[in-house]
Amino acid sequence: MENLVEIKDVSFAYEVRPVLKGINMVVPRGKVVSIMGLSGCGKTTLLRLIGGSLKPTRGEVRVAGRATHELNQEELYAMRRKMGMLFQFGALFTDMSTFDNVAFQMREHTDLPESMIRDLTLMKLDAVGLRGAQHLMPSELSGGMARRVALARAVALDPMLIMYDEPFAGLDPISLSVIGDLIRHLNDALGATSIVVTHDVQESLKIVDYVYFMSEGVVVTHGTSEDIRNSKAPFVHQFVWGEMDGPVPFHYSGAGIAQELGLGSSHA
Amino acid sequence: MLDRLAAPLRRLGRQCINAVWRLGYASRFFLFVLMRSGTSFRRFQLVIKEIYFAGVLSLIIIIVSGLFVGMVLGLQGYETLQKYGSAEAVGTLVALSLTRELGPVVAALLFASRAGSAMTAEIGLMKATEQISAMEMMAVDPIARVVGPRFWGGLISMPLLAAMFSAVGVFGGYLIAVVLIGVDEGAFWSQMQNAVDYRDDILNGVIKSVVFGVAVTAIALFEGYDAPPTAEGVSRATTRTVVTSSLAILGLDFVLTALMFRGA
């Protein structure tokens with residue numbers, strides 16, 4: 001199967017702080033692939049590299065066969081028109097209504113007549129169940145509704161690649177399940193490819209085809225949802241089952257408590 | 001010992017380098033705004049929307065302030081001029097003060113506090129809530145789509161607000177001098193008409209307000225775009241907009257006055 005996204009030996013550092021260290025990853029066309037890991041492990045940075053907002057310090061990211069870091073701004077924008085991205089908290093334009101948010105890209109990038117933009121926008125809103133909320137402003141939407149509107153906006157131009165940055169963060173169980181279903185169904189209905197960055201293990205394992213697990217800037221394991229659930233790797237096991245004890249320590253490293261309190265002995 | 005002496009020098013040097021770097025960064029940003037202004041002219045309704053936010057919504061504060069400044073000028077002017085038997089010249093004093101100095105300067109200071117701070121806070125919050133990143137990911141250039149229309153909207157609004165401030169100020173002076181104190185109405189208007197020169201006074205005032213408009217809007221937009229995406233970052237950027245804009249207005253006013261009115 002052809003790969004839409006190929007990440008080859010990618011390293012990236014913010015100034016001198018390395019974030020990604022030699023990442024290799026492929027995302028086949030038509031699949032929903034999840035990137036999981038602890039906060040700060042480099043998942044969002046990886047999405048930004050795929051979207052071309054950042055350039056790798058080593059290696060290359062290829063989307064539809066083209067290395068993103070070699071594109072000039074015009075080419076990059078042309079590529080981004082085929083991408084959709086759902087940001088962690090929706091990132092809806094607060095000065096525009098729900099309808100205008102979804103219609104935004106159509107108005108910016110196409111010469112379609114307003115009547116057609118209206119029909120297409122209502123169809124996108126209908127797909128996420130919010131046609132009735134078209135006149136509401138973002139401040140009038142709940143967290144789950146805002147995420148669904150942002151999803152409708154992300155798929156407004158029927159992208160080939162949809163990226164989700166923590167789509168489940170801060171949602172109630174019903175909204176969480178709705179967003180999960182929408183990610184899977186929209187991907188299949190549009191014939192798109194999706195990358196879901198998340199640390200919501202249980203919800204994402206239900207909907208994804210393949211999972212990459214990251215820790216401290218490297219891929220520690222990868223496999224299908226079933227492989228991940230049955231993994232015996234200590235880090236993956238601790239992460240999937242939410243255990244306090246394991247390779248990820250409860251205490252942030254620092255001086256021992258006894259030392260901090262001026263007592264005799266100490267532990268880290 | 002040497003280290004202790006060198007530390008403040010090092011800090012001063014670092015601050016100077018940072019200031020020069022920031023100035024260069026701001027100039028590059030301003031250049032980008034100008035280069036990517038095509039969208040603003042192709043879709044002028046975006047600029048009109050910003051004229052409404054920056055200009056029309058600032059009208060109340062401009063009109064009220066202009067009226068009071070004009071009234072104070074009328075009172076103070078009459079008080080001084082009547083000692084020399086030239087109370088009728090109060091119209092001239094009010095009009096020249098407003099068109100040459102107070103109109104452009106006070107209107108620009110109010111514009112910086114009302115519209116400039118709002119621009120910084122809005123763009124800073126758009127950045128903090130990832131709206132700017134979202135726009136970039138949708139292949140829409142935020143400098144062309146968000147910053148450009150605000151710049152031109154502010155630039156067009158500023159001279160109109162300054163003109164409105166001066167006009168209302170003159171009316172305020174008229175209310176005090178003619179209606180309240182009883183200065184001769186004909187003398188008030190005719191002396192003003194004779195003394196105020198279109199090129200030396202009105203046009204120079206307009207030029208000043210355009211320059212202040214560029215300065216305030218550019219500072220406000222840069223501070224917003226450069227603000228760290230946190231509540232504290234946006235708050236500091238908004239404060240910096242008001243402080244830097246106010247100092248820039250007063251500094252530029254001195255330079256422009258020196259250039260315009262030398263030998264006049």
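Student: How do you know that chain A touches chain B, and how many residues are in contact?

Tutor: In this predicted model, 14 residues of chain A are in contact with ten residues of chain B. A contact here requires C-beta atoms that lie within 7 Å, and these residues pass that test.

Student: Which elements of chain A give two or more residues to that side?

Tutor: They are α2 (73-80), β6 (83-86) and α3 (98-109) of chain A. The largest share, three residues, comes from α3(A). By kind, the side of chain A that touches chain B has seven nonpolar, four polar and three charged residues.

Student: Now the sheet. What makes β4(A) and β5(A) a pair?

Tutor: Pairing needs at least two bridges between the strands. Strand β4 (residues 58-63) and β5(A) have two bridges, in the antiparallel sense, so they qualify as a pair. Across from A:Arg62, you will find A:Ala67 in β5(A).

Student: Why do β2 and β5 of chain A stand at the edges?

Tutor: The open sheet runs in the order β2-β1-β4-β5 (chain A), with antiparallel pairing. β2 (17-28) and β5 (66-67) of chain A each have a single partner strand, so one side of each is without a neighbour in the sheet.

Student: What radius of gyration does chain A have, and how does that value sit with a compact globule?

Tutor: For 268 residues, a compact globule would have a radius of gyration near 18 Å; chain A has 20 Å, which agrees. Its C-alpha trace spans about 75 × 40 × 35 Å along the principal axes of chain A.

Definitions and conventions: Residues are numbered from 1 along each chain as its sequence is written. Chains are lettered from A and ligands numbered from 1 in the order in which they are written. This is a predicted model: local features need pLDDT of at least 70, side-chain atom pairs count only at pLDDT 80 or more; totals for chains, interfaces and linings use all residues. Helices (H or I, at least four residues) and strands (E, at least two) are DSSP runs, numbered from the N terminus. Two residues are in contact if their C-beta atoms, placed from the backbone, lie within 7 Å. Ala, Val, Leu, Ile, Met, Phe, Trp, Tyr, Cys and Pro count as nonpolar, Asp, Glu, Lys and Arg as charged, and the others, Gly among them, as polar. The radius of gyration is taken over C-alpha atoms; the globule rule is 2.2 Å times the number of residues to the power 0.38.
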